[in-house]
Amino acid sequence: MLNGNSRCFNIRRTSYRIEIDKDNSREEIALKIARKLLGHKEKTNEIEDRAASYFARELLLPKEILYLAIDKYEKDFNVEDFSKVSVADFLDELSKTLNVSKDLIENKLRFLNIIYSSVDK
């Protein structure tokens, strides 16, 4: 249901209201959903922030989708050896393909131990 600048959704007969702004990114919206579903209040601690970030990252970018995008990149760019691929260019292409930020993709790739080196931005 759409009411002004908020969205409502029902989970197990419980309604949640999340205020979103038209300028909110998909990642900001996912983070708001995560915080609401995890029951976090306005002020959170580091553990709650990390849990919400993990939840939002998984909501937007499940590893199966990421692996499909990597396979697509490999085919589209005829990649035979990923060690010769620019990490920055790789992140750029995945960001465009998946419609999420490069930071989110980089964090997910690090979490999955797919990339290790720092990326020049």
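**Reading salt bridges and a helix crossing**

Modeller: In this predicted model, let us begin with a pair whose side chains meet in a salt bridge, Glu-93 and Lys-96, at 3.9 Å from N to O.

Biologist: Where do Glu-93 and Lys-96 lie, and how many residues apart are they?

Modeller: Both belong to helix 4 (residues 87-98), where they are three residues apart, about one turn of the helix. Glu-93 counts as partly exposed because its relative accessibility is 24%, whereas Lys-96, at 59%, counts as exposed.

Biologist: What is the general idea behind such a pairing?

Modeller: Side chains of opposite charge can pair when their charged atoms come close. By the rule applied here, the count comes to six salt bridges. One of them joins Glu-58 and Lys-108, with 2.4 Å from N to O. Since Glu-58 lies in helix 2 (residues 46-60) and Lys-108 in helix 5, this pair ties together parts that are 50 residues apart in sequence.

Biologist: Are Glu-58 and Lys-108 buried or exposed?

Modeller: Glu-58 counts as partly exposed, at 25% relative accessibility, while Lys-108, at 1%, falls under the 20% cut-off and therefore counts as buried.

Biologist: Which residue forms a salt bridge with Arg-110?

Modeller: The partner of Arg-110 is Glu-106, and their closest N and O atoms are 2.7 Å apart. Both residues lie in helix 5, four residues apart, about one turn of the helix. Arg-110 is partly exposed, with a relative accessible area of 28%, but Glu-106 counts as buried at 6% relative accessibility.

Biologist: Turning to the packing of helices, at what angle do the axes of helix 3 and helix 5 cross?

Modeller: The axes of helix 3 (residues 63-76) and helix 5 (residues 102-111) come within 12 Å and cross at roughly 100°. Because angles of 65 to 115 degrees count as roughly perpendicular, helix 3 is described as roughly perpendicular to helix 5. On the helix 3 side, the contact is made by Lys-63, Leu-66 and Ile-70, and on the helix 5 side by Ile-105, Lys-108 and Leu-109. By class, this contact has four nonpolar, no polar and two charged residues.

Biologist: What is Ile-70 in contact with, leaving aside its neighbours within four places in sequence?

Modeller: Its contacts are Phe-82, Phe-90, Leu-94, Leu-109 and Ile-114. Ile-70 and Leu-94 are 24 residues apart in sequence, yet their C-alpha atoms are 7.5 Å apart in space. Ile-70, which lies in helix 3, counts as buried because its relative accessibility is 11%.

Methods: Residues are numbered from 1 along each chain as its sequence is written. This is a predicted model: local features need pLDDT of at least 70, side-chain atom pairs count only at pLDDT 80 or more; totals for chains, interfaces and linings use all residues. Side-chain values use heavy atoms; hydrogens and water are left out. Axes are lines fitted to C-alpha atoms, for helices over the stretch in contact, and angles run from 0 to 180 degrees between N-to-C directions. Helices (H or I, at least four residues) and strands (E, at least two) are DSSP runs, numbered from the N terminus. Angles under 35 degrees count as roughly parallel, over 145 as roughly antiparallel, 65 to 115 as roughly perpendicular and the rest as oblique. Contact means heavy atoms within 4.5 Å. Ala, Val, Leu, Ile, Met, Phe, Trp, Tyr, Cys and Pro count as nonpolar, Asp, Glu, Lys and Arg as charged, and the others, Gly among them, as polar. Buried means under 20% relative accessible area, exposed over 50%, partly exposed in between (1.4 Å probe, protein chains only). A salt bridge is a side-chain nitrogen of Lys or Arg within 4 Å of a carboxyl oxygen of Asp or Glu.
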